[in-house]
Amino acid sequence: MEALTHNPLTLLILQMMVVISLSRLLGAGIRRIGQPMVIAEVTAGILLGPSLLGWLAPNVMTAIFPKTSMSLLSMLSQVGLVLFMFLIGLELDPKLLQNRGRTSIVISQSGIMVPFALGALAASFLRDHLAEPDVPASSFTLFMGIAMSITAFPVLARILTEKRLLKSKAGAMAITCAAVDDVMGWCLLAFVVSVVRSTGMASAVTTTLLAVGYIAAMLFVVRPFLARLAARVSTSGPIDQTTVAVTLLLLLLSSMVTELIGIHALFGAFAFGAAIPKEGGFAQALAEKLEDVVVVLLLPLFFAYSGLRTQIGLLNSPHHWAICALIIVLACAGKFGGSAVAARLTGINWRESTAIGILMNTRGLMELIVLNIGLDLGVISPTLFTMMVIMALFTTFITSPLLARVYPAELFAKELDGSPEATPMPAVGVPAFTTLMCVDDERTGPGMVTLGRALSGEGQGADKLYALHLIKPADRASFHLSQERQSTPDDDRALAPLLERAKALAASVKPLSFVSDKPGADICRVAEAKHADLLLLGWRKPLISQSALSGTVYQVMHRAPADVGVLVDRGLTGIRRVLVPFIGGGHDRAALRLAHRLMHQAGASVTLLHVTTPGKKESSGAKARMEEVFQEPGAEGRVTFKVTEHDVPSEAAIAEAAQGGYDLVVVGAAAEWGLAERMFGLHSERMIRACPISLLVVHERGAAAAPAREPARATAPLEPARQS
């Protein structure tokens, strides 16, 4: 350890390794309880500081983070912050601030003024207990107002995306108000910093004039230049390294200018990012090149530096903890109360108003940046800094659980695609049939819609086809706001092949897509909201160690409120002949019902293959169940019954499918076919891997699942079908 810590470079590398490792380790756990990554990163910094590591093993903390290394760590974290604030500016689309009307103005102004007033009011009390004597009252009061008013725009964007609320009324309003708050908050912070740094009235006036000149130059000189640069890049293809270098040079110049002016380098980075045009993909391309390095490598160093400055041990009395609790109450009352009440007064209902208030109360990283500036300037003491860090963590931590209670996932599923649809009357005797096709890979879409179209029939009537694509959330902030800017699910590239095939088949499909980190649960919720009769999943070759019916497929099969079909597509373009291997279990009966519907709706001919064990008498009960489903007028000539013996039923089915002429095999997800969940053995899932044609594995809805409507039967009365 001593050899590492004596070399400044190896010490810095060691510090980075420790910080990143602990942040990622905590992040893996914190995300499982629905919390944003910033909680884990801030906690990692606190754990590495005097609050825990310095208390448990002070020698270890001193060895890894000696005081002599703090200046280098501080400078590197400041560079990371400059780049991060540039990314925040890139995410701030001016369109979010336009055409939002009186409502967003009232809410955003209330979300700034009410907490600012409460912070200023609290400052008169806190200054006597926690401020340094030489700190001017005006500086302390202004800073406390700003610290209470800030909203974490990037954290808010991620929470809204993961909760699928970006395109809801409450989500759109919250992201707009947060954007306005961010702009106002940073402008006010720049003003406060200039006031604190100024040495007199002349200095303050000079700083103000220079700041106004800087903003004018950004608007009328830099922004038009960036617009031309973005237009050139959009027409010349992918962004090159020269363009990135020019952009970074301008970013550093902007930060240096604002630092020299006296309003802090971070404001220059934020303003430069906001000035870059968001059209044409230039801003998003820059974000994608920078975000991973900044967020994964550099930003955690800022959290570690903040954690090393956070000393929970300073709160060593009930009086201190009472003040900390008071700060938390005032922060929540100002931000949540001001935003929620303002939203309600503008006519928004209480549920959405409450959601807006909860979201606006999110502080996260942005609060830490403000607090570190205050501590660096000497405006706040280390004790007050620690209290405010705890407040930032608490207000961010409670956002997700409170939002889940106000806007539960089930409510979102019911509101998804809630526009009224014209529902035709179903044909007499044929109940409506709804199919939800869940597309994970674009290659699975065409076969799924071919099957869905066949199940709906030519006229479709009241039958409905939905195509659902769940988007895995990314760590980059640009990903989340790009989802808000995406106009409709029709723009989803994963759904494009499915929609193209649907158009060729004259099938009406309603596309749905949203971000989800829990695909199994969300698929089931949407299926329940849409009253689906069948859930169609696509199959992809799993990893060697995985079962083909494991993971999300397994979750959906055992939670879905409807029958589930897993389509193994091997070039399905039409359905004329269907093979149904049958032994007699519940899943086999579900397969029979779907085959019956294909016969009735698509005019397909069906071969029922009853597989028996050698030496055993043919089961008359199984045969009777097959005949019961297919007894109807007009079935003659379209249904063929076959009986065969085999030790391994799946091999008999594969052999029959290989004879040729079949388009689709429909089989129940039963152990007899080697398709029971998580089976391992000689014939495990061989049916899926060896079947030469397209295969549909059907899982009957479980008794524990919510009841779904009975799939359509054809007509009554029943009459004997032809047997051969």
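This is a predicted model: local features need pLDDT of at least 70, side-chain atom pairs count only at pLDDT 80 or more; totals for chains, interfaces and linings use all residues.
Colleague: Which element gives the largest share of the lining of the second largest cavity?

Modeller: The second largest cavity has a volume of about 40 Å³. Two or more lining residues come from each of α3 (37–48), α17 (364–377) and α18 (382–397). The largest share is four residues, and the element is α18.

Colleague: How many charged residues are in the lining of the second largest cavity?

Modeller: The lining consists of V38, I39, V42, G364, L368, V389, A392, L393 and T396. Gly counts as polar. By class there are seven nonpolar and two polar residues, and the number of charged ones is none.

Colleague: Is M113 buried or exposed?

Modeller: M113 is part of helix α7, residues 101–130. The cut-off for exposed is over 50% relative accessible area. M113 has 51% relative accessibility, so the class is exposed.

Colleague: What distance separates the C-alpha atoms of M113 and G338?

Modeller: Along the chain, M113 and G338 are 225 residues apart.

Colleague: Which residues of helix α24 are buried?

Modeller: Helix α24 covers residues 519–529. Buried means under 20% relative accessible area. The residues of α24 in that class are G520, A521, D522, I523, C524, V526 and A527.

Colleague: Which residue with a positive phi follows α24?

Modeller: The phi angle in question is near 55°. The residue that has this angle, following α24, is H531.

Colleague: In β7, what is the bridge partner of L579?

Modeller: Strand β6 spans residues 577–582, and five of its six residues are buried. Six bridges join β6 to β7 (residues 605–612), and the two strands run parallel. In β7, L579 has as its bridge partner T607.

Colleague: Over the ring of which residue does the charged end of R577 sit?

Modeller: A charge counts as over a ring if CZ of Arg is within 6 Å of the ring centre and within 35 degrees of the ring normal. The charged end of R577 is 4.3 Å from the ring centre. The ring belongs to Y662.

Colleague: How many aromatic pairs are there?

Modeller: Rings pair if their centres lie within 6.5 Å. By this rule the count of aromatic pairs is three.

Methods. Residues are numbered from 1 along each chain as its sequence is written. Side-chain values use heavy atoms; hydrogens and water are left out. Buried means under 20% relative accessible area, exposed over 50%, partly exposed in between (1.4 Å probe, protein chains only). Rings of Phe, Tyr and Trp (its six-membered ring) pair if their centres lie within 6.5 Å; planes under 30 degrees apart count as stacked, over 60 as edge-to-face and the rest as tilted. On a 1 Å grid over the protein atoms alone, a cavity is a set of points where a 1.4 Å probe fits but cannot get out, and a pocket is an open set with protein on both sides within 12 Å along at least five of seven lines; lining residues have an atom within 4 Å of a point. Grid points are joined across faces, edges and corners, and a volume is the space filled by probe spheres set on the points. Two strands pair if DSSP finds at least two bridges between them.
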